[in-house]
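Here is a short note for a colleague who is new to this model. Please read it with the structure open.

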Amino acid sequence: MFIMSPCASSSGVSMWTADQIARLCYERFSELPRRGKPEAGREWTLLAAVLQLRRGTDTDSVEMEVVSLGTGTKCIGRTAMSPNGDVLNDSHAEVIARRGCLRYLMQELRGAVSGQESSVFRRAEQPGKWRLQPGVSFIFFTSHTPCGDASIIPMTDSQDQPCPPVRPAEAHQETGEGTEGSGSVKRKATDQCEGPIVKLPHVEERWTEERQPEDRGDTKESDPPQSDFTETPAESVSQTLEPELKIREDTDLTQLDDGLPSPQVPDVHRTGAKCVPGGLSDPRCPGLGYHSTGLLRVKPGRGEPTLSLSCSDKLARWGVLGFQGALLSHYLQEALYFSAIVVGKCPYSHKVMQRAVVTRCCHVSELPAGFSVRSPLLLQSSLEFPCSRAQTQRRHQEGQGRVSPCGAAISWCNVTDQPLDVTANGYKHGVTKKSLGTAKARGRELQSYWDYKQASQSYQQAWQQLRRQAFPLWPRSNRDLLLFD
């Protein structure tokens with residue numbers, strides 16, 4: 001599906017809007033078959049997509065097309081990972097959408113190399129290399145703030161808090177000074193905070209395996225519904241940074257059931273993504289001090305740690321290395337970058353998104369030719385995904401069971417060979433244990449996957465610089481998991 005939009009103003013700023021991007025993605029999702037979609041009123045999911053823009057050279061319009069779309073909230077634990085390349089380790093919507101985009105680009109590149117006309121690629125100046133056609137660009141859309149650092153968002157005064165307010169009585173209980181029968185709870189050694197020691201519920205501890213802790217860990221079920229948040233204007237591309245949330249000296253007081261006042265502590269949304277080992281950790285202090293910001297994080301897994309970095313971290317990485325990956329870099333003269341990232345209606349902070357996706361890597365230098373640090377346009381739409389958790393909670397009816405994330409992940413891309421895939425727990429829909437490790441489970445055969453990735457010298461050099469200067473704690477992939485044929 002294409003949509004025509006005015007191309008540019010006299011100042012050169014694109015005139016498409018965030019709402020147009022979101023609407024196009026939601027419509028593409030609605031056109032897909034029912035298989036893999038959430039059960040209405042009971043299941044929710046997240047959506048991400050990649051859109052291709054083609055700007056006319058002598059016309060005042062731009063064509064926008066969804067070329068890849070993914071849904072999903074799951075991520076498997078490290079013991080479930082397969083060395084045969086037949087299991088998806090990370091099925092978050094953002095990762096699924098990017099994978100589908102790579103399939104689309106490979107199809108377009110194959111056509112260009114074979115002499116067919118391509119609307120995406122043209123021959124580059126460097127022999128054997130290709131580059132984008134003039135006027136072609138790509139936009140990344142996600143229906144919800146990416147998990148990890150971008151989801152650590154300060155809550156406004158009008159929003160309910162995900163944790164109870166700090167109460168003096170609870171502080172006494174923590175130090176064993178409470179009233180008779182209250183008991184005492186020892187503070188974990190990792191919680192090093194100034195001021196009174198206050199017990200806060202640990203998010204990770206509240207999520208049992210039954211509640212699937214590998215589900216998308218940006219905001220927990222204790223968070224307020226997404227509809228309670230003030231909409232972010234999206235019709236203008238000139239978006240300004242929101243002011244810092246400040247703790248007022250004259251702290252607001254709320255009345256407790258016993259009539260005693262208690263300070264209302266400003267808070268942040270929680271992320272289930274955990275800090276990578278070897279560096280700083282979350283102090284879990286009350287309110288704004290619960291999380292450390294700007295850190296690499298791994299996604300929660302099914303009762304065990306995972307090796308998958310958060311979507312915030314991956315978007316930051318793509319902003320330096322490009323989203324094309326190591327394999328396509330063999331054939332491209334320049335890395336491919338998203339010109340804009342659009343987020344649907346949900347808890348969102350432009351400043352936090354800027355920090356998580358752009359600022360953490362803006363100082364990286366000494367990159368090889370074809371790579372650079374890019375700062376995509378960051379926008380939010382006022383349109384909410386119909387299958388979001390908030391929408392599902394509104395439509396939930398008694399007798400449907402508890403609201404839960406959808407277990408399936410959908411992958412669609414604009415290719416001729418098997419454009420639609422549905423997976424569950426990392427496996428293709430319909431694949432049995434007997435067929436694991438076979439061509440049926442893997443789909444298209446790959447040869448020397450590790451060797452091909454390592455042979456992309458410029459990409460690996462750029463990745464080395466990014467790791468050295470910005471992400472030294474980024475976990476290295478287990479080579480044994482990348483040696484499949």
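1. Start with glutamate 384. The model is predicted. Glutamate 384 has a relative accessibility of 12%, so it counts as buried, the cut-off being under 20%. Its salt-bridge partner is arginine 394, at 3.0 Å from N to O. Glutamate 384 sits in the loop between strand 16 (377–380) and helix 8 (389–395), while arginine 394 lies in helix 8, 10 residues apart. Arginine 394 is partly exposed, with a relative accessible area of 40%.

2. Salt bridges in general. The structure holds 15 of them.

3. Look next at arginine 54 and glutamate 65. They form a salt bridge, with the closest N and O atoms 4.0 Å apart. Arginine 54 belongs to strand 3 (residues 47–55) and glutamate 65 to strand 4 (residues 61–71). Glutamate 65 is buried, at 8% relative accessibility.

4. Then arginine 297 and aspartate 282. Their side chains meet in a salt bridge of 2.7 Å, N to O. Arginine 297 is in strand 13 and aspartate 282 in the loop between strand 12 and strand 13, so the pair ties together parts 15 residues apart in sequence. Both residues are buried.

5. Check the pairing of strand 13 with strand 14 (residues 305–309). 2 bridges join them. Valine 298 stands opposite leucine 309, and proline 300 opposite proline 305.

Methods
Residues are numbered from 1 along each chain as its sequence is written. This is a predicted model: local features need pLDDT of at least 70, side-chain atom pairs count only at pLDDT 80 or more; totals for chains, interfaces and linings use all residues. Side-chain values use heavy atoms; hydrogens and water are left out. Two strands pair if DSSP finds at least two bridges between them. Helices (H or I, at least four residues) and strands (E, at least two) are DSSP runs, numbered from the N terminus. Buried means under 20% relative accessible area, exposed over 50%, partly exposed in between (1.4 Å probe, protein chains only).
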